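Visitor: Hey, I've got a structure open and could use a hand. Can we walk through it together?

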Amino acid sequence: MASSEALTPAAYIKHHLQSLTSLSDVTEGQGLQNIADFSFVNLDAIFYGVLLGVVVCYVLRQAALKATSGVPGRFQAAVELLFEFVDDMCKSIIHNEQSRKVIAPVGLTIFTWVLAMNAMDMLPVDFLPRVFQGMTGEHHALMRVVPTADLNTGLALASGVLLLCFYYNIKIKGLGGWSHELISAPFGTSNLYAKIVLMPINFAMNVLEFFSKTVSHGMRLFGNMYAGELVFLLIALLGGAWASSGSVSLLDPILFVFHILTGLAWAIFHILVITLQAFIFMALTFVYLGQAHDHH
């Protein structure tokens, strides 16, 4: 949190929307960046993203190691229900049985990983930054703890899905078949001269389709989580105004009670948001990979 003399609502929000870009520059005014500036590496997003990925892999591995053929426990039953849910959705979209052996686990990994990263938004906005400040001794430590509220994370995940789409296009259709599809669809024709004229248009349309799907895939996740993070910051300001002012007015206790009520209501609603966004990201992954299996 910013120092008390600079603790205005705008400064508070601006501070919490900045990423840690250098371990040697953890103070306010250093290592700052715009949310769409790709010239820096956001260390906090990478750290929490990798950490949560390891935790998710460990939990799923433990479920696999402890699986029994008898009556399952609650943990095993929950993981089995989740696996069956993802597998059924994959079967309804991907009709190639061999491809599903890879795509279904990918979908399960995406859902659980994105859900875990989204769930970091449920932590109090100042909790982990305060811990980091205590460890580093800095008074203005930068620390964003929701990796999916970073545009770089969403686009990185979407880019991974794009590479899988390229792979399955080539695997299912062959390099020649996919290359032919890129220049012959969506505007196909039997006329040779018209086909030659339409080739560059078809290729440009297909490139634009891949680009737009990837950008929208990543930005949809980022936009929703960024907005949720911003709402939590605004709610935090309702209760923080009293503590930062050093004095108590008649309105401050009312704002504090309103802060508790709105925080509880938004947290309950946000549980649905973080789960829905993980599901949508997984579902779109299946849809895009399913399109890679279709012939045009």
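Predicted model: local features only at pLDDT ≥ 70, side-chain atom pairs only at ≥ 80, totals over all residues.

Visitor: Okay, at what angle do H3 and H4 pack?
Guide: The angle is about 125 degrees, and their axes are 9 Å apart. That makes H3 oblique to H4.

Visitor: And is the crossing left-handed or right-handed?
Guide: H3 goes past H4 in a right-handed crossing.

Visitor: Which residues in H3 and H4 meet?
Guide: From H3 you have Leu82, Phe83, Val86, Asp87, Cys90 and Lys91. They meet Arg100, Ile103, Ala104, Gly107, Leu108, Phe111 and Thr112 in H4. In that contact of H3 with H4, eight residues are nonpolar, two are polar and three are charged.

Visitor: New topic: how many residues are in the largest nonpolar core?
Guide: There are 40 residues in that core. Ile103, Val114, Met120, Val145, Met282 and Phe286 have the most contacts inside it. The elements giving two or more residues to this core are H2, H3, H4, H5, H6, H7 and H8.

Visitor: Which one gives the most?
Guide: That's H8, with 10 residues.

Visitor: Back to Met120, what is it in contact with?
Guide: Setting aside neighbours within four places in sequence, Met120 is in contact with Tyr48, Leu52, Leu128, Val145 and Val146.

Definitions and conventions: Residues numbered from 1 in each chain as written. Heavy atoms only, no water. Axes fitted to C-alpha atoms, helices over the stretch in contact; angles between N-to-C directions. Helix = DSSP H or I, 4+ residues; strand = E, 2+ residues; numbered from the N terminus. Parallel < 35°, antiparallel > 145°, perpendicular 65-115°, else oblique. Left-handed = near helix turned anticlockwise from the far one by under 90°. Contact = heavy atoms within 4.5 Å. Nonpolar A, V, L, I, M, F, W, Y, C, P; charged D, E, K, R; others polar. Core = buried A, V, L, I, M, F, W, Y, C linked by side-chain atoms within 4.5 Å. Buried < 20%, exposed > 50% of the residue type's maximum accessible area, 1.4 Å probe, protein only.
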